[in-house]
Amino acid sequence: MSTNQPIRHSLLALLAEEPMYGARLRTEFEARTGGTWPLNVGQVYTTLARLERDGMVEAAGQADASGEQGTITYRLTEQGRAAVERWWGSPVGRDATPRNELAIKLALAVTMPDVDVAAVVQTQRTATMRHLQELTRLKSASASADTPTDLAWQLVLDNLVYTAEAEVRWLDHVESRLARSAAQSRAARGAGMPSASDQPDDPSSAPLGRGRQAAGDRS
């Protein structure tokens, strides 16, 4: 799924309420999501142009009498309204695995013999815990849900908290795997057996935290 799809559907959903111009769409999106995913006005108008090209929206006049650029009001077409209804009625797709920078970083780190993977994990855990504490503070400060917008922000905060907590648990798991792999390598060397990193024919068996032998070292 394109990284722009959530923005595309969000703008359509907002326009399903009433016609809006680009700057107001940006304001409404950020207000309802607590500013967690800031939008650039240029991104909004680029997306609106594509939606208009695809027959999802159409211009509905000027937002004010000045006729200045950026004040065109957009409204949904029937095709756009149908797209919103399909979005509400469909689960979020998992057609492709999203690129998680932290997972990629650690996956690469364990294959690099000169990288202190444990230090990378600890640095990330410290940052994630700090982020989690800030999210918890924000949750406490916005405990009441007097309006739908308040409730929307709380739901976004809940998602961010659960994501941060899951990341901390995963980092704990990574640290345990590193320790277990290091212990297995030490035991193998103590028994006079080649460690997993010394077996180039099975790259998947290379121990975490030690890295695989470079191709030139095996030639």
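Let's start at Trp170, which lies in helix 7, spanning residues 148-190. Helices here are DSSP runs of H or I with at least four residues, numbered from the N terminus. The model is a predicted one, in which local features need pLDDT of at least 70 and side-chain atom pairs count only at pLDDT 80 or more, while totals for chains, interfaces and linings use all residues. Residues are numbered from 1 along each chain as its sequence is written, and side-chain values use heavy atoms, with hydrogens and water left out.

**Around Trp170**

Trp170 has a relative accessibility of 33%, so it counts as partly exposed; that class lies between buried (under 20% relative accessible area) and exposed (over 50%), using a 1.4 Å probe and protein chains only. Leaving aside residues up to four places away in sequence, Trp170 touches Leu102, Ala103 and Leu106, where contact means heavy atoms within 4.5 Å. Arg125 is 45 residues from Trp170 in sequence, and their C-alpha atoms are 9.8 Å apart in space.

**Salt bridges**

Side chains of opposite charge can pair when their charged atoms come close. The rule used here asks for a side-chain nitrogen of Lys or Arg within 4 Å of a carboxyl oxygen of Asp or Glu, and by it the count comes to 12 salt bridges. Three of them are listed below with their N to O distances.

| Pair | N to O distance |
|---|---|
| Arg53 and Asp54 | 3.0 Å |
| Asp172 and Arg125 | 2.8 Å |
| Glu134 and Arg137 | 2.6 Å |

The side chains of Asp172 and Arg125 meet in a salt bridge. This pair links distant parts of the chain: Asp172 sits in helix 7 and Arg125 in helix 6 (residues 117-141), 47 residues apart. Arg125 is buried, at a relative accessible area of 11%, whereas Asp172 is partly exposed at 34%.

Why are Glu134 and Arg137 separated by about one helical turn? The reason is that they are three residues apart in helix 6. Glu134 is partly exposed at 36% relative accessible area, and Arg137 is partly exposed at 46%.

Note on methods:
Helix = DSSP H or I, 4+ residues; strand = E, 2+ residues; numbered from the N terminus.
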